Amino acid sequence: MKILLTGKNGQIGWELAHALAPLGEVIAFDRGGLDLAVPDQIVGAVRSVRPDVLVNAAAYTAVDRAESEPDAAHAVNAAAVAVLAEEAKRVHALLIHFSTDYVFDGAKDTPYVEEDRPYPINVYGRSKLAGEQAIRSIDGPHLILRTSWVYATRGRNFFLTIRRLLREKEEVRVVSDQMGAPTSAQALADATAELLGRHSAAGLGDAGGVYHVTARGYTSWHGFATEIARLELPDLPNPPRIVPIASDQYRSAARRPRNSRLSNEKLLRTFGVELPRWEACLAALHERLPRGAHLDVGTPYRR
Ligand SMILES: NC(=O)c1ccc[n+]([C@@H]2O[C@H](COP(=O)([O-])OP(=O)(O)OC[C@H]3O[C@@H](n4cnc5c(N)ncnc54)[C@H](OP(=O)(O)O)[C@@H]3O)[C@@H](O)[C@H]2O)c1
């Protein structure tokens, strides 16, 4: 199986490059090798590689910055995705694309299912929804995997930020009224590889569509921070207080949904695949890290 992967240096892309390797030949691009903002580069890359599977892990992911850069977000998350979908269809490749809980407004009281009507409340969410709609209307074989609250030992994410603040502050204030499933990039990449390994590109294409794929269980950002602190406690000389705050006490450019919970039942029912609980994924990541190490962007660790 020949797999073209975009965004190989991102949180999910980096994990995918490793997780997908046993399945075949992975031809992975970073932005330097394939800039999604340049449609001709997409066309050139897909037509020269002619993959069986095209995995798009690249995206404009700066949620707050997107509020002042809507065109840049739309170019990568929607216009480029339309070109990727057209080109994948042209070479009969399965397109696996990642999307987000931020396509929803968060007003629902229970976990969102795939049939729920999206209603994004920020620019990033609108750009991601436009990407999903482009894929569906082009209608080649595709899987759209919506995930949430992704973290890894690289990139910019809540896990690394809290880990640093725990060492620097006496008090850390964390939003407690947004609920979701923290999802480790590794668990998500492993689940993606499991889907492909168990069902083949053709099998996945036959059951194509939108799927919610997150770690099991839910918590708040405050609950997530508290669990990170519990795991880090042996390394913390003076553990700070972790104070719950409401969303409106935390100023940010983009609004976020209060309810980011995504039901994974369709994924389990259709493909027999489910991720571990979020606490187990976090503990697994923590186990692999050097004790007490301060992590910077791109800190290497063994998979
Ligand atoms: N992070 C989350 O919490 C979260 C939640 C739900 C869904 N998702 C989705 O999951 C997917 C992967 O997210 P992630 O967390 O792995 O993001 P990430 O760490 O920000 O990685 C995104 C990658 O995309 C690349 N990229 C950005 N613009 C590009 C362009 N014009 N051409 C080529 N590459 C470009 C970036 O390259 P540079 O390094 O050069 O910038 C980066 O390596 C995205 O579709 C995202 O929407 C993420």
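**Entry 1: the shell around the ligand**

I began with the ligand and looked up which element gives the largest share of the shell around it, and I found that this is E4, with three residues. I note here that the model I am reading is a predicted one. I then listed the elements that each supply at least two residues of this shell, and these are helix H1 (11–19), strand E4 (94–100) and helix H4 (123–138). Which of the 24 residues around the ligand come nearest? I wrote down Arg31, Leu36, Thr61, Tyr124 and Lys128.

**Entry 2: polar atoms facing the ligand**

Next I looked up distances to oxygen atoms of the ligand, taking the residues one at a time. For Tyr124, a polar side-chain atom lies 2.6 Å from an oxygen atom of the ligand, and for Lys128, an N or O atom in the side chain is 2.7 Å from an oxygen atom of the ligand. Gly10 takes part through its backbone, where an N or O atom lies 3.2 Å from an oxygen atom of the ligand. I also looked up how much of the ligand is covered: taken alone it exposes 900 Å², and the protein buries 82% of that.

**Entry 3: the nonpolar cores**

I turned to the inside of the protein and found that the largest nonpolar core has 57 residues, with Leu16, Val55, Phe159, Leu196 and Phe224 having the most contacts inside it. Helix H6, residues 185–206, gives the most to this core, namely ten residues.

A polar atom of its side chain lies 2.8 Å from the backbone oxygen of Val213. Not counting residues up to four places away in sequence, Thr147 touches Ile12, Ser99, Thr100, Asp101, Thr183, Leu188, Val213, Thr214 and Leu262.

Arg163, which I located in helix H5 (residues 158–168), is buried as well, with a relative accessible area of 5%. I checked Arg163 against Ile228, and although the two are 65 residues apart along the chain, their C-alpha atoms are separated by 7.2 Å.

**Entry 4: Asp190 in helix H6**

Asp190 is found in helix H6, and I noted that it is partly exposed, with a relative accessible area of 33%. Asp190 and Leu36 are 154 residues apart in sequence, and from C-alpha to C-alpha they are 25 Å apart in space.

**Entry 5: positive phi angles**

Asp139 is not a glycine, and yet it has a positive phi of about 60°. I located Asp139 in the loop between H4 and E5, and it is exposed, with a relative accessible area of 53%. Ser200, also not a glycine, has a positive phi of about 65°. Ser200 lies in helix H6 and is partly exposed, with a relative accessible area of 35%.

Note on methods: Residues numbered from 1 in each chain as written. Predicted model: local features only at pLDDT ≥ 70, side-chain atom pairs only at ≥ 80, totals over all residues. Heavy atoms only, no water. Near = heavy atom within 4 Å. Polar contact = N/O pair within 3.5 Å; in protein donor to acceptor, adjacent residues only side chain to side chain. Areas by Shrake-Rupley, 256 points an atom, 1.4 Å probe, with all protein chains shown as cover. Helix = DSSP H or I, 4+ residues; strand = E, 2+ residues; numbered from the N terminus. Core = buried A, V, L, I, M, F, W, Y, C linked by side-chain atoms within 4.5 Å. Buried < 20%, exposed > 50% of the residue type's maximum accessible area, 1.4 Å probe, protein only. Contact = heavy atoms within 4.5 Å.
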